[in-house]
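Here is a short briefing to read alongside the structure. Keep the 3D view open and follow the residue names as they come up.

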Amino acid sequence: MSQPVSSLRRFEIAPMNQSSGSSSFSYREGSPLIQFEIGEADLYLMSHTLRMNFELELTTGAGPGNFPNNNVQDPGNPDAQVLLNNKIGVAGCIENITISNLQNNTLEYCRAYPRLLASLIPGGAGFGDYQGYLTQTFGATSNRQVEGRMCNRKMEVSMPLMVGMFLNGENIPLSFRSGTGGLRISIMLSPSIQALFGSTPALTNNSFYTLKKISLTGQYGIPMGGVLPPIKSLGFSAYQNFYSVINTNDNTQQISPSLSAVVSQFTNFVPTTHISSYAEDGYKTTPLLNTTGALGAAQDLLAPCDGINFLRAGSSFPLRFKIDSRLLVVRDPAAPGGDVFAGSGFDAQRQLYYQGALRPLRRTTMCLAGANSEGLSIANGDVNHNSTTDIGNNGQQNCYGIGCRYDAMGNGSTANFKAQPFSMRLQSRLNGISPMSAYTYFLHRGVINYDGNGIVSIST
Amino acid sequence: MSMNRRARPNIMKHIGLSSGESQSMRVETRVLEPRTFSQSSGTAVFGGGGGQVSFDLPREGLLDQDVFLDLQVTQPAFATTGAAQGLPIMVGILGCLQTGTIYYNNILLQQTTELAQLLQLKMCFVEQDIRNQTYQVKIGSFSGMMVDHDSLVGGGVGLTSVGKYSFDASSRGNGIVGLQQGIITAIAPASNPDHYDKVPDYRMTQTTSEAPVYSIPLKWIFPFLTQIQLPLGLLEGQIRIVFDFEADFNGNRAIAYSFVPAAGVAPVAQNWVSDNKITQANCKLVVDLIYFDDIDGVNPMERLAQEVMTGIELVYTDYTFIESQIPAGTGGANPEASDTSVLCGLDHQVVRNILVAIPNRVDHTVVAQTGPSNPIWGNCGSCSSQGQTTLQIVINNSNVYPNAINSDAKLFNEISQVFNTPQKTGKALTSWVGSINPALASLNSEAQQEAFPRDKYMCGLGPGAGLAVFGSGESCLQGSLAYYGVNLSRTHQNVLGAGTSIGKSPVEVRLTLQQTQQVSEARRLLIWAEVERVMVIKGGQIIVSGS
């Protein structure tokens with residue numbers, strides 16, 4: 001797909017809505033919207049080079065000038081004052097990203113961006129990556145204690161935007177006549193209470209983050225001959241997100257995505273009470289979890305999923321069978337803490353299809369999910385690498401989700417959900433008093449159509 | 001360490017092979033003895049000189065990219081100094097190599113200078129998991145990190161190590177094979193969880209029968225080998241590969257390790273000793289040659305020979321090396337900006353990328369454990385500034401960047417584009433960001449925020465009072481792999497003109513560091529430019545452009 005270029009030219013773009021008085025962006029201490037404009041020109045945007053660069057500082061609830069002091073680095077201080085999710089780092093500060101052209105035609109509206117990354121990044125990166133380049137790109141470490149140290153002071157990142165438009169790293173033509181017609185990238189920041197969490201109410205509550213020195217860098221590709229070749233259509237990818245809540249043990253999610261070319265879909269979960277809470281990490285991708293319903297009881301009791309069906313217009317598709325994990329569910333009424341399903345086996349078939357939905361399996365050379373992250377009985381309690389589920393105060397560090405890929409061969413094939421609703425039947429051991437938020441993402445293809453005068457229509 | 005993931009070279013595509021002919025291919029491995037070998041003997045203080053080894057390649061078959069140099073280093077003084085000396089921890093056996101050159105008769109085809117430095121840089125682009133699982137065996141290299149979880153107060157500053165990084169050495173069986181926790185040196189074993197060491201199989205020893213022999217893939221050294229196949233059997237002249245060894249100075253081939261007198265006690269510093277010898281008997285070149293058998297009396301090599309007679313044009317790259325220096329700071333309380341501008345020449349060349357390393361300049365007469373550029377890495381590495389670093393490249397009188405790159409994260413992003421894969425080293429190894437005390441104008445580090453513990457030791461290296469940044473446990477790793485690079489290619493394919501054409505004006509590298517109270521050493525400024533060359537094989541002769 002990527003077109004040849006004759007040479008490259010670097011660019012660095014500042015936010016167009018940056019105030020002359022302050023270059024800071026923040027949900028609390030500044031503007032929560034960051035807008036970049038990439039001009040219309042006879043150039044390619046080399047999307048694999050596109051990076052958003054910034055510095056990020058966290059401030060405790062004690063007010064400006066007070067950095068967190070996580071990890072008991074001074075004796076007497078609690079270990080978790082203000083933290084970011086350790087699997088997505090600074091991306092947790094972004095609520096959604098809109099990609100449009102300069103004529104305000106929206107190409108992609110990527111909602112719940114942090115939860116998208118909470119699946120995508122661990123699905124393709126192991127501890128070695130989290131120890132290495134992910135600290136540079138996202139400030140993510142996959143370890144709660146390292147994240148705590150990093151959150152204590154200024155973080156500096158050069159972050160790719162992992163929206164569908166830029167996912168394949170293609171060269172995007174920018175002219176009106178033969179391209180997108182420039183690009184406007186609007187980044188809406190998350191509320192501080194959603195992005196941050198901790199266990200020290202006096203310091204965690206009212207804590208906030210600030211982004212500084214923001215710029216968008218990348219490269220333009222100059223086309224052969226200096227003019228973009230005429231095109232009739234331009235394909236692009238995008239993510240579409242849907243939010244719902246499940247609570248019952250036999251739940252069918254029905255979504256009408258109205259998308260004509262879906263590549264894959266997946267869903268990740270978190271207890272609804274963990275969203276927008278300074279006390280909980282709202283970006284975890286936990287398994288389904290129960291609570292006892294008692295006042296103040298944590299929602300941390302496993303509610304294994306024992307049947308999954310993917311349907312299109314009421315028929316099983318693309319899997320013609322149910323992912324049946326009933327034999328793996330083990331109930332022990334005498335289990336400590338009321339965690340009666342804790343001894344259940346690991347539903348590897350679900351995880352396999354989920355991993356396949358994130359990226360083609362042949363390209364999945366690394367992932368974070370393993371015995372320690374999923375809290376299996378064979379976990380070795382290793383605290384020296386990625387955080388281990390239920391060791392210390394880590395809680396659920398799972399890389400859990402449900403999904404499947406329609407492009408099973410990884411050759412670009414898609415499924416049509418334009419006039420056919422998508423459904424997912426989920427049978428589980430949820431007890432009806434434990435709401436779980438479900439974030440469903442569709443990766444789909446869209447097309448920009450042109451005539452001799454430029455863009456005629458954009459279809460998804 | 002070829003990160004560009006280019007397709008394997010295949011000269012036979014010039015003639016095309018039928019499936020039957022492809023099945024007639026066979027690979028033969030030859031073990032070559034050196035044509036010449038020299039190595040100066042060491043002296044007590046200055047060590048030995050460099051020395052050189054050369055190999056003549058056989059004049060038959062096609063040269064495959066799988067060519068390996070076998071090397072072994074011994075230290076005859078082992079019995080008297082204990083196991084208190086060994087290969088630099090990351091660069092391993094590569095620390096012995098200064099320059100690699102390939103000649104065709106007297107024509108220089110490719111030369112790579114400051115090999116050890118360049119290969120440690122390239123190693124940073126290999127996945128940590130691959131390094132952890134293979135590099136200790138290939139080249140004696142250890143560089144993987146784990147999360148330290150030691151909540152004991154140590155380091156003399158009343159701090160824990162929770163959330164810091166340490167070498168991935170564990171007594172629990174989940175660290176790097178070849179590293180262990182708790183025992184230092186053969187002559188003074190002591191159990192201590194604050195110490196990491198190599199297991200005996202990976203240590204430098206006194207005799208050739210005990211020391212490990214490492215095997216270095218030459219495709220790491222010569223990009224050449226991954227780009228073209230030389231038809232050795234069709235050349236009228238001789239292909240010769242020559243390696244110049246690094247001088248036997250403190251921090252090059254070996255660094256001084258320490259031993260621990262008792263559990264819970266900081267290691268005792270040892271001085272480096274010379275006479276770290278490269279074993280001639282085990283210095284060999286292992287070469288894979290490709291042959292084709294006759295099919296119905298016809299051999300594809302005959303068709304290739306006809307093609308070679310009329311001329312084959314091949315594109316490859318070579319590294320041009322430039323060295324300059326960055327002066328030391330005064331070490332005063334206020335940071336000082338240190339501007340360096342280097343003219344690299346390169347006029348009328350096509351440059352694919354520029355790589356930069358800035359290791360500390362060292363005094364080779366110092367034999368103390370803290371003498372090398374970095375106590376743990378030895379003389380390889382690249383020492384980051386504690387303040388803002390900026391980089392600008394000027395080509396054909398125009399700035400490559402609209403604004404100079406002005407943050408460590410952007411610098412990481414730029415060098416990552418050279419190899420088309422992210423640099424696989426964490427923020428802690430490339431930067432001081434997040435570890436600087438915001439309350440101090442001096443930009444001094446904040447002990448509890450440093451990314452590596454001051455009270456943990458790798459092979460007992462860097463022993464100190466636990467208060468200074470350098471010479472204090474693993475804290476000397478912070479910002480120690482801050483390499484810089486600029487991609488100048490429009491594609492990562494090996495095609496003619498992929499890079500940027502340089503005109504008459506020289507390429508200029510402008511680097512600004514902040515010299516601070518804690519990090520103010522003079523640096524070497526090492527610059528490699530990967531430039532395009534064209535090789536024409538015609539009538540059994542090789543002609544190359546630009547060299």
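Ile99(A) has Ile185(A) as its bridge partner in S9(A). This pair belongs to two antiparallel strands of chain A, S5 (residues 94-100) and S9 (residues 183-189), which are joined by 6 bridges. Please keep in mind that the model is predicted.

- S5 and S9 sit in an open sheet of 4 strands in chain A, with the order S2-S9-S5-S6 and antiparallel pairing.
- The edges of this sheet are strand S2 (33-38) and S6 of chain A; each has a single partner strand, so one side of each has no neighbour in the sheet.
- From one strand to the next, the twist averages 10°.
- The loop between S5 and S6 of chain A holds Asn104(A).
- Asn104(A) is not a glycine, yet its phi is positive, near 65°.
- Is Asn104(A) buried or exposed? Asn104(A) is exposed, because 8 other C-beta atoms lie within 10 Å, and a residue counts as exposed with 12 or fewer.

**Two domains in chain A**

- Chain A splits into domain 1 (5-230) and domain 2 (235-447).
- Taken over C-alpha atoms, the centres of domain 1 and domain 2 of chain A are 25 Å apart.
- Domain 1 of chain A brings 39 residues to the contact between them, and domain 2 of chain A brings 35 residues.
- On the domain 1 side, at least two residues each come from strand S6 (106-110), helix H1 (113-120), helix H2 (127-131), helix H5 (164-167) and helix H6 (192-195) of chain A.
- Which element gives the largest share of the domain 1 side? H1(A) does, with 6 residues.
- By class, the domain 1 side that touches domain 2 of chain A has 19 nonpolar, 15 polar and 5 charged residues.

**A cis peptide bond in chain A**

- Phe317(A) and Pro318(A) are joined by a cis peptide bond, with omega about 0°.
- To find Pro318(A), look in the loop between strand S17 (315-316) and strand S18 (323-324) of chain A.

**Where chain B touches chain A**

- The contact between the chains takes 37 residues from chain B and 40 residues from chain A.
- On the chain B side, helix H4 (128-139), strand S9 (145-147) and helix H8 (408-419) each supply at least two residues.
- H8(B) gives the largest share of that side, 6 residues.
- The chain B side consists of 13 nonpolar, 16 polar and 8 charged residues.

**A look at H8(B)**

- How many residues of H8(B) are buried? The count is 12 of its 12 residues, and the helix is mostly covered.
- Among the buried residues of H8(B) are Asp408(B), Lys410(B) and Glu414(B), as well as Leu411(B), Phe412(B) and Phe419(B).
- The length of H8(B) agrees with expectation, because its 12 residues should span 16 Å at 1.5 Å a residue and its end C-alpha atoms are 18 Å apart.
- Just after H8(B) comes Asn420(B), which takes a positive phi of about 60°.

**Chain B as a whole, and one of its sheets**

- Chain B contains 9 helices and 28 strands.
- Of the 547 residues in chain B, 55% are buried.
- Among contacts in chain B with a separation of 6 or more, 76% are between residues 24 or more positions apart.
- An open sheet of 4 strands in chain B has the order S19-S26-S21-S22, and its pairing is antiparallel.
- Strand S19 (336-345) and strand S22 (398-399) of chain B form the edges, each with a single partner strand, so one side of each lacks a neighbour in the sheet.
- S19(B) pairs with strand S26 (residues 507-515) of chain B over 9 bridges, in the antiparallel sense.

**A loop asparagine in chain B**

- Asn105(B) is found in the loop between strand S7 (97-104) and strand S8 (107-113) of chain B.
- Although Asn105(B) is not a glycine, its phi is positive, about 50°.
- Asn105(B) counts as exposed, because it has 12 C-beta neighbours inside 10 Å.

Technical notes: Residues are numbered from 1 along each chain as its sequence is written. Chains are lettered from A and ligands numbered from 1 in the order in which they are written. This is a predicted model: local features need pLDDT of at least 70, side-chain atom pairs count only at pLDDT 80 or more; totals for chains, interfaces and linings use all residues. Two residues are in contact if their C-beta atoms, placed from the backbone, lie within 7 Å. Ala, Val, Leu, Ile, Met, Phe, Trp, Tyr, Cys and Pro count as nonpolar, Asp, Glu, Lys and Arg as charged, and the others, Gly among them, as polar. Domain bounds come from an automatic or database domain assignment. Two strands pair if DSSP finds at least two bridges between them. Axes are lines fitted to C-alpha atoms, for helices over the stretch in contact, and angles run from 0 to 180 degrees between N-to-C directions. The expected span of a helix is 1.5 Å times one less than its number of residues. A residue is buried if 20 or more other C-beta atoms lie within 10 Å of its own, exposed if 12 or fewer, and partly exposed in between; C-beta atoms are placed from the backbone.
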